[in-house]
Amino acid sequence: MTEKLSTEYEQRLLQIRRNYEHIMSRIAEAAEKSGRKPSDIKLLAATKTVSYDIINYAISLGIKYIGENKVQELNSKYDDYKLGDCQLHLIGHLQTNKVKQVVGKVSMIQSLDSIKLAKEISKVSIASGLKTDVLIEVNIGREENKTGLAPERLNEMLDEISEFNGINVKGLMAIPPICDERTELCKYFEDMYKLFVDISRKTGDNISMDYLSMGMSDDYYEAIVCGSNMVRIGSGLFGARSYT
Ligand SMILES: *Cc1c(COP(=O)(O)O)cnc(C)c1O
């Protein structure tokens with residue numbers, strides 16, 4: 001029985017390695033298609049529901065960014081990650097009252113979507129003698145039940161944030177609406193890229209547009225072709241999530 005289990009485990013690791021190699025070659029292809037180098041595109045492993053030993057295996061393959069969705073889950077795995085030079089990001093919605101639990105632990109918060117949250121991240125960071133890197137999450141499809149800032153509010157948000165000394169804005173993140181058509185999906189990615197380029201012209205001491213984080217397992221190729229430089233991949237790397 002133990003032997004069978006260990007074989008299954010080894011099979012799982014082997015599958016993850018194959019998935020990783022496949023994803024890296026697709027990333028390289030999409031990068032070239034958009035006139036960039038493979039190394040211009042960052043792969044973040046989305047690790048929700050994935051156990052720390054599997055995450056550490058993925059890191060050992062060369063993954064340099066991992067992202068958790070929930071503060072509680074992040075904290076429960078935190079002591080067991082073997083990060084080395086791999087960065088830990090928070091990619092899920094963050095409530096103001098949980099900011100203290102992540103500042104100092106994560107290299108980046110990708111889900112900043114309100115002034116109130118920005119103010120709290122800045123305050124907590126300053127109190128710890130830190131500056132926290134953030135991405136602004138944009139609700140590019142203007143979907144009612146989704147987190148993220150409405151695109152038309154981005155400029156106002158950046159103006160206010162330029163006053164907050166405890167945060168550095170490093171770019172934008174988005175999760176486009178589910179689309180039946182690839183052309184429709186690409187329209188959202190292109191809209192995000194336009195916003196990203198427009199804002200890049202806007203300079204501020206704590207604003208630099210380095211990352212455009214968009215694209216997941218089912219659409220990372222299109223996202224890169226449209227200008228993404230960070231893709232967040234979960235199921236395509238680790239297999240389908242089981243929530244049991
Ligand atoms: C889960 C998740 C992903 C990855 O989704 P997959 O479809 O499994 O690749 C990316 N970004 C965020 C914010 C997520 O919550």
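The lining of the largest pocket comprises 11 nonpolar, 7 polar and 10 charged residues; here Ala, Val, Leu, Ile, Met, Phe, Trp, Tyr, Cys and Pro count as nonpolar, Asp, Glu, Lys and Arg as charged, and the others, Gly among them, as polar. The model is predicted, so that local features need pLDDT of at least 70 and side-chain atom pairs pLDDT 80 or more, while totals for chains, interfaces and linings use all residues. Residues are numbered from 1 along each chain as its sequence is written, and side-chain values use heavy atoms, without hydrogens and water.

The volume of the largest pocket is about 630 Å³. A pocket is an open set of points on a 1 Å grid over the protein atoms alone where a 1.4 Å probe fits, with protein on both sides within 12 Å along at least five of seven lines; lining residues have an atom within 4 Å of a point. A volume is the space filled by probe spheres set on the points. Among the 28 lining residues, Ile 175, Pro 176, Met 216, Asp 219 and Arg 232 are the closest to the centre of the largest pocket. Helix H6 (182–200) and strand S8 (230–233) each give two or more residues to this lining; helices (H or I, at least four residues) and strands (E, at least two) are DSSP runs numbered from the N terminus.

The polar contacts tabulated below are pairs of N or O atoms within 3.5 Å.

| Residue | Protein atom | Ligand atom | Distance |
|---|---|---|---|
| Arg 232 | side-chain N or O | nitrogen | 2.9 Å |
| Ser 235 | backbone N or O | oxygen | 2.8 Å |
| Arg 241 | polar side-chain atom | oxygen | 2.8 Å |

Taken alone, the ligand exposes 380 Å², of which the protein buries 90%; accessible areas come from the Shrake-Rupley method with a 1.4 Å probe.

The second largest pocket contains about 160 Å³ of space. Helix H1 (2–33) and strand S1 (42–46) each supply at least two of its lining residues, and H1 gives the most, with 3 residues. This lining has 8 nonpolar, 2 polar and 2 charged residues.

Conventions:
Polar contact = N/O pair within 3.5 Å; in protein donor to acceptor, adjacent residues only side chain to side chain.
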